[in-house]
Amino acid sequence: MPATQAILVTGATGLLGRAVLQRLLASDARLRAIVLVRDATRWSGAGLHERVTAVEGDLRSVGLGLTGEVHALIRQQVRAIVHFAADTRFSNPLAQAQAVNTAGTEHLLELAYECTSSVRFAHVSTAFVAGRRTGTIAEELDAPSAGWVNAYEQSKYEAEQLVRRHAADWVIFRPATVVCDDCHGAVSQLNAVHRALRLYRAGLVAMIPGTDRSTIDVVTTDFVAEAIATLALRADAAGCVAHLCAGDGALPLGDLLDMTFAYWARDSEWRRRGIARPPLVDLNTYALFERSIEEVGDPSIKRLTRSLSHFVPQLALPKLFETSTARALLGFGAPPVREFWLRMVEQLFAEGDTALGATRAA
Amino acid sequence: MSAPGITGVAYALPARRRSLTELAKLGQLESDSSLLAQFGFDGVYVAEEETPYALALAAATAVLTEHKVPANDVDLLLYCGTSALAFSPRGSAADVARRLATTGRFQYPATRLQYDLGLERASTIALDQLACTSLFAALRLARATIAAGEARRVLCVSAEFFPECAGREAIFNVTADAACAVLVERAAPQNRILSSAVSTKGYYWDADALRNEIVASYFPTAKHVVDETLQRAGWSPHDVTWVIPHNVSVRSWEILLGLVGIPRERLWDHNVARIGHTLAGDNFINLRDAIDDGSVRPGDRLLLFSYGYGAHWTALAVEA
C-alpha cells in the first residue's frame, strides 16, 4: 500500500478493534490508519498515534456525520475499511440494533463507494448471524434464514447482505463469542457468557436451554485479532466468509457445565451450599419457566432471568461452525475451548464472587 | 415379590371450603386470584372450628376402620405436624403461645393419638421441621423400620394447619388445612414402595433470605431427586404411569415434567383445584382419590414427589 494511503477502522476503541489495529500497524510500517470514533478526545492510540488519526463521526448518521474536510480525506486516502463497530447489546429492540449495525454498515458502504480508489471492505460480523439454524453452518452467505434469537443477530445478518450487495471487494469475518484475551484466560471485557457464569456460580440458574448436541463455541481475542489482521487486507481473501470459531474444538454444553461445576466444587465452601448443576431443557419448557418468573418472580430474579433470555435460547439450537475456509486461508485454527475454558473461569473469579450470590449477607 | 408398601390411606378435611374469590375478599391472598386460578387453584379447605388433632384422629380412625386393622396390631405410630398447634382450634396463634408458656407444651398429639386409637402396642415417634415432606419422611422411616424387622405395620399420620392469623398463600400456592393417615405394612400386595430419594440442603434453611436462590435451586434439585428415584426403581421416565403430585402450582409441575421427560398428561392433578396445597400430605390424599376414581390400577407405576419449602426434596416410586 503506498505511503499516502490509509485504512479506515471503526470500533478501534474496542478490545478487538484495538488489537487488530495494533497488529496491522506493526505488520506494515507504511500503513496509516484513520479511526472513526464518537468522541476524539477519548481516543488514546496507545503509542500508535503517529500513524493514527482519529476523526469524529457517528455510524447512525447518513454521511457518518463527517465534516467535509474529513470526508474528502477519507475519499482520497482510504483503500480499505475494517468495520468492527457494532451495538452488541442482545436486549436491544430491532430498530435500535439496526440503527448501528445495519444502517451504520450501509453508511460505511456508501462512503466506500465514494472513495476514489477501489476499497477493500473487511466486515466483522458474528457467527450467530446463523440465528435459529441448526446443524453444520457453512462459511457462506446464501443459507436461508430460520429467524434469529435476538435483534443483534438479525441486524448483523442484514449488514452482511448489504456488504455482499454493495461492496466491490469484501471479506466477512464471523467470530464466535470472545471470552478471554488468550489461552492464559485473562478476561479484559465482560459479556453475556461471563454474566451467565456468575449467575451459575451464585446458584441462580435454574435451567439452561440445550440438548445433548449443544456446544459452546467461544474464542480468544488473540486468535480473532490475529486472524483478522492476517486476512483483512489480503487479496486472496476477497469474497470469502471466514468463521473465526472453535468449530470442532467447541465444547459440548453438558461437558462445559460439568467441568465448571467440578472446578468450583473443589472449594468446600462453595460445595456445601449444595448448588445444583442446571439441567438442560427444551425451549418450550424454558419459555414456560421464563413466563412464570415474569408472572411471579421478584424484581431481582426477573432481571436476572431477562438478562439470560436474549442469548441462552441459542444453546438449544445446536450448531457446528465449519471453519475450513478460515483455516485454509490462515494456516492455523482457533484453540480448542477445552484448552482455555477453566483458566478463563479461574481468572474470572480470581477476586472472589460478585455480590450476585450474596443476598443472604445483604 | 413382597415389599413394604402402602395398604391404606385416609384423609380428613375441614368442613369449610373457601373459594379464591372469598379468600381474596378476606385479604388472605398475596397474589391476584386470577393468576392463582391460572396456576390451577380454585379454593381450599379452611379449618374454622376444627383442631389439627381432631382431623388427625378422624383420618387415622378412618384408615384403621376401612382396613379392619385391630388397634393392637399397629407396631409404630409416626406423627407429623407442629405439636404446639395440634390442640388449638383454627390453629390459633394465641392459644399456641399460651401452651408454649405453660406445661401445656408437654401435651403431645402423638401420645394422645396412641391413647385415643387404643394402639396399646405401638411406640410413638413425632416428626417435624420438614414442611411438606414430613409424611414422606414418615414413610421412609416406616419402610426402614419394617426392613430392619422392628415392625410389621406402621401408622403414619400427618396434620398441618395454617394458623388463623396467616394468609392462605405460600410462594404462589394456595394452602389448605388437612390431615392424612397412611398405613405401611411389611408385605403389601399393592402400592409397594420400590425406591425413594431425598435431598436436604441446609444452606437454604433461611428460606426468606434466599428466596431467589431457592427458586433457582428448586427445579434442578427436584430433577435430581426424581431421576435418582426412578433409577433406583429401575424405571425410565416413560415407564411412569402417573405422577401423583403435591398440589402446588400446575405450572411448576409442567416445568418439572418437561425437565424430567414425563408427558404432561401423566400428571394426576385433579385435587389442585378441589383441595389446594396441604402441608399434611397432598401426594397421599391424591393417591387415595386416584385409586378411588379408577385412574390408578394395579401394576401402574407411580411417582410421588414433594418439596418441603426451603431445604427438602423427596420422591417415592410406588408400584400400584
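The model described here is predicted. The C-alpha trace of chain B spans about 50 × 45 × 40 Å along its principal axes. Chain B holds 10 helices and 14 strands. Of its 320 residues, 57% are buried.

Next, the domains. Chain B is assigned domain 1 (5–185) and domain 2 (192–319). Their centres, taken over C-alpha atoms, are 19 Å apart. Domain 1 of chain B brings 37 residues to the contact, and domain 2 of chain B brings 31 residues. Which elements of domain 1 of chain B each supply at least two residues of the side that touches domain 2 of chain B? They are the strands β1 (5–12), β3 (43–46), β6 (153–160), β8 (173–176) and β9 (178–185), together with the helix α6 (134–147). By residue class, this side of domain 1 of chain B has 25 nonpolar, 7 polar and 5 charged residues.

Now the contact between the chains. Chain B contributes 23 residues and chain A contributes 28 residues. On the chain B side, two or more residues come from each of α7 (211–233) and α8 (250–260). The helix α7(B) gives the most, with 11 residues. The chain B side that touches chain A divides into 11 nonpolar, 5 polar and 7 charged residues.

That leaves chain A itself. Its secondary structure comes to 13 helices and 15 strands. The radius of gyration of chain A is 21 Å, close to the 21 Å that the globule rule gives for 362 residues, so chain A is as compact as a globular protein of that length. Along the principal axes, the C-alpha trace of chain A spans about 65 × 40 × 40 Å. How much of chain A is buried? The share is 47% of the 362 residues. As for sequence separation, take the contacts in chain A between residues at least 6 apart. Of these, 80% join residues at least 24 apart.

To recap, chain B meets chain A through 23 residues of its own, with α7(B) the main contributor at 11 residues. Within chain B, domain 1 puts 37 residues into the contact with domain 2, and 25 of the residues on that side are nonpolar.

Definitions and conventions. Residues are numbered from 1 along each chain as its sequence is written. Chains are lettered from A and ligands numbered from 1 in the order in which they are written. This is a predicted model: local features need pLDDT of at least 70, side-chain atom pairs count only at pLDDT 80 or more; totals for chains, interfaces and linings use all residues. Domain bounds come from an automatic or database domain assignment. Two residues are in contact if their C-beta atoms, placed from the backbone, lie within 7 Å. Helices (H or I, at least four residues) and strands (E, at least two) are DSSP runs, numbered from the N terminus. Ala, Val, Leu, Ile, Met, Phe, Trp, Tyr, Cys and Pro count as nonpolar, Asp, Glu, Lys and Arg as charged, and the others, Gly among them, as polar. The radius of gyration is taken over C-alpha atoms; the globule rule is 2.2 Å times the number of residues to the power 0.38. A residue is buried if 20 or more other C-beta atoms lie within 10 Å of its own, exposed if 12 or fewer, and partly exposed in between; C-beta atoms are placed from the backbone.
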